[in-house]
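Please examine the sequence and the structure before reading the solutions.

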Amino acid sequence: MERLQVAAVRFSQGRCPGVKGGHGWEYTWGDRLWFFMAALLSSLVIVSGIVGGEIGATFDEPFYVHAGLTAWRSGSNKLLMRAGTMTLPVDVHTLPLYLWEKGRGMPWELPRDLPQVLPIARLTNLLFWWLLLLMIWRLGWTWGGRWGGRLAVAILACEPNLLAHAGLATTDLALTACLLLLVDCYGRGRDQTWWKRVLLPGLCYGVAVTAKASALVFGLQAMIVLGLWHLIGSDPEIKNISCSCDGGGRVWTWGRILWQRSVTLRWDLCAIVVIGLVFAFAYTGCDWGPEPTFIRWAERLPEGWLKDVMLPLSHHLQIFTNAGEALVYQIKHNIRGHDTYLNGQWYHRATPWYFPLALSMKTPLPVMGLFLLALVTSPRQLANPLAALALVMLVLSPTYRVQIGIRFLFPAMVLGVIAAAAALGRYAEAQGEAGPWAWLHRRRWVLWLAGGLLLAQAREVYRHGPHLLCYFNDFWGGPHAPDDLLHESNYDWGQGLPQLRRWCQEHQVDRIAVWYYGRDPTVEIPPFQPAPLSHWPHQGDPERIRAACAGAQLLAVSVGCLRCNPDITPHHRDTLRWLQNRSPIARLRLFLIYSLDDTPPPNP
């Protein structure tokens with residue numbers, strides 16, 4: 001407790017290494033060049049993946065592009081609100097497409113034109129990527145000085161999972177960038193005027209909420225942790241609780257005083273949340289029309305005074321569509337939960353060990369090495385609010401019941417890496433002793449180890465590129481990891497059709513049936529022939545399966561179909577049973593190729 005209080009004092013007094021004015025350090029041209037090179041090199045990796053055409057449309061992207069263009073054309077965000085998707089990233093991704101459409105005088109026809117417009121939408125995600133790197137550099141500098149900022153931005157600029165999502169027109173990277181903006185703004189404004197302490201963080205909170213609905217919770221967690229950390233360090237009575245009290249009495253006294261002293265903090269949080277929600281509702285806009293589902297609910301009410309009140313109200317309450325629909329949708333979705341696939345097994349409810357185990361699979365070993373190095377060399381330096389916030393998010397992860405990807409914990413992962421890099425930066429900048437071994441006492445040797453970890457992580461990107469969505473660390477198999485560890489955006493998110501098309505060209509296949517999990521419209525383009533095996537009543541009969549495949553001799557089965565919930569339909573389960581008795585003739589990263597002409601071996 002004393003160690004945390006000391007760190008909180010440093011935070012409250014602005015004595016964090018790297019804060020301009022705290023120790024007299026300022027950004028140099030070398031620091032700016034370091035950041036520029038990290039942003040440039042990582043952007044080149046992202047752009048090469050986009051223009052290379054190796055990654056097809058993921059499951060969410062076709063809908064986002066369609067809904068975003070619809071919103072720009074009509075001014076209505078109804079499609080996004082009904083899906084629980086906030087608007088800021090989608091607006092950014094589709095604005096160039098809408099301007100291009102207006103310039104050429106002809107609307108895009110989706111899904112036909114999706115292969116042409118999707119790369120443009122993906123390139124705009126670089127704006128959020130640069131914002132994310134800037135916030136990483138700034139927070140690393142704040143808490144770890146020059147080398148804290150450099151290490152943080154360099155390590156995370158070549159983090160495979162972040163790079164994978166930076167090249168997609170999705171919302172998770174935007175959420176992480178906007179949350180870090182909130183963390184930085186809120187942390188720096190604690191002892192400032194109302195404008196910097198409440199108004200500016202409120203606007204940042206609103207921006208984060210417009211990026212993704214989960215910012216409603218993540219942003220509140222961040223402000224509570226940072227606010228309490230500052231309060232503990234700035235209030236003398238909280239810091240100087242008598243050590244003579246017994247354990248229980250001391251905790252009770254400390255908690256009571258903390259509650260009494262947090263009145264201003266609590267009012268500030270309420271004001272920030274209100275400002276943020278007002279901003280989110282204003283930005284999202286409204287159709288100013290009635291809600292059909294509300295009307296149908298009112299019409300089904302039993303006769304009585306409640307129906308007499310609600311029925312006319314449902315017809316005349318013209319405040320829809322608004323941001324509240326998306327927020328309520330996501331709250332209900334999290335309460336309802338989601339089936340979970342983990343390590344080859346489907347669970348019909350959320351599992352508390354999903355995120356810790358998934359992170360152990362997807363976190364690069366060099367990042368784990370960075371955490372270990374910080375823990376061994378500078379455990380005291382890890383006592384900072386960024387590490388505390390990352391830990392809170394991880395501890396609360398069992399309550400996140402939508403478990404379909406580690407992308408939901410990107411904020412925790414990024415904050416944890418920044419905290420570790422900052423700890424190493426502070427350790428490296430600590431003053432040492434003079435003499436022939438001064439280099440050792442100055443502790444700069446830790447930077448050489450961190451540099452080795454950085455090179456190892458860059459090698460990971462090279463080994464796995466461009467299929468970074470499929471990344472697993474070497475503990476779980478690396479590039480040759482089995483395809484039954486994780487599902488959805490952790491592995492096969494529907495992006496594998498370009499590789500399958502290239503395989504067909506190399507083997508001169510002019511027709512192939514495709515049983516596919518995803519929404520990439522190119523599945524309709526020859527040589528592909530969609531095979532609706534999840535909805536075709538075949539009961540495992542080979543002739544009916546061939547009929548479903550429209551006479552094709554080959555069947556390509558996506559990993560997503562093999563690993564998705566087998567109980568989606570009875571026909572889906574029948575297809576999986578039929579495939580168990582057959583061996584694929586070829587394996588791609590995200591597809592297995594089967595022959596429909598050979599005779600399956602008898603059951604053992």
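This is a predicted model: local features need pLDDT of at least 70, side-chain atom pairs count only at pLDDT 80 or more; totals for chains, interfaces and linings use all residues.

**Exercise 1.** Characterise the largest pocket by its volume, its lining and the classes of its lining residues.

*Solution.* 
Step 1: The space in this pocket amounts to about 1300 Å³.
Step 2: Its lining consists of 45 residues, and those nearest the centre are Gln330, His333, Val402, Ile404 and Phe408.
Step 3: Two or more lining residues come from each of α3 (61-74), α11 (215-234), α17 (323-336) and β1 (340-342).
Step 4: Helix α17 supplies the largest share, with eight residues.
Step 5: Sorted by class, the lining of the largest pocket holds 24 nonpolar, 13 polar and eight charged residues.

**Exercise 2.** Carry out the corresponding analysis for the second largest pocket.

*Solution.* 
Step 1: The volume of the second largest pocket is about 530 Å³.
Step 2: Among its 24 lining residues, Phe371, Ala390, Leu391, Leu394 and Gly416 are the closest to the centre.
Step 3: Elements contributing two or more residues to this lining are α11, α18 (354-362), α19 (365-377), α20 (385-395) and α21 (410-429).
Step 4: The class division of the lining is 20 nonpolar and four polar residues, with no charged residue.

**Exercise 3.** Which residues form a nonpolar patch on the surface, and what is their accessible area together?

*Solution.* 
Step 1: The patch is formed by Leu33, Phe36, Met37, Leu40, Leu41 and Leu44.
Step 2: Together, these residues have about 560 Å² of accessible area.
Step 3: One of them, Leu44, is located in helix α2, which covers residues 29-51.

Conventions:
Residues are numbered from 1 along each chain as its sequence is written. Side-chain values use heavy atoms; hydrogens and water are left out. Patches are made of residues with over 30% relative accessible area and no salt bridge: like charges are joined within 9 Å, nonpolar side chains (Val, Leu, Ile, Met, Phe, Trp, Tyr) within 5 Å. Accessible areas come from the Shrake-Rupley method with a 1.4 Å probe; for residues, only the protein chains shown count as cover. A salt bridge is a side-chain nitrogen of Lys or Arg within 4 Å of a carboxyl oxygen of Asp or Glu. Helices (H or I, at least four residues) and strands (E, at least two) are DSSP runs, numbered from the N terminus. On a 1 Å grid over the protein atoms alone, a cavity is a set of points where a 1.4 Å probe fits but cannot get out, and a pocket is an open set with protein on both sides within 12 Å along at least five of seven lines; lining residues have an atom within 4 Å of a point. Grid points are joined across faces, edges and corners, and a volume is the space filled by probe spheres set on the points. Ala, Val, Leu, Ile, Met, Phe, Trp, Tyr, Cys and Pro count as nonpolar, Asp, Glu, Lys and Arg as charged, and the others, Gly among them, as polar.
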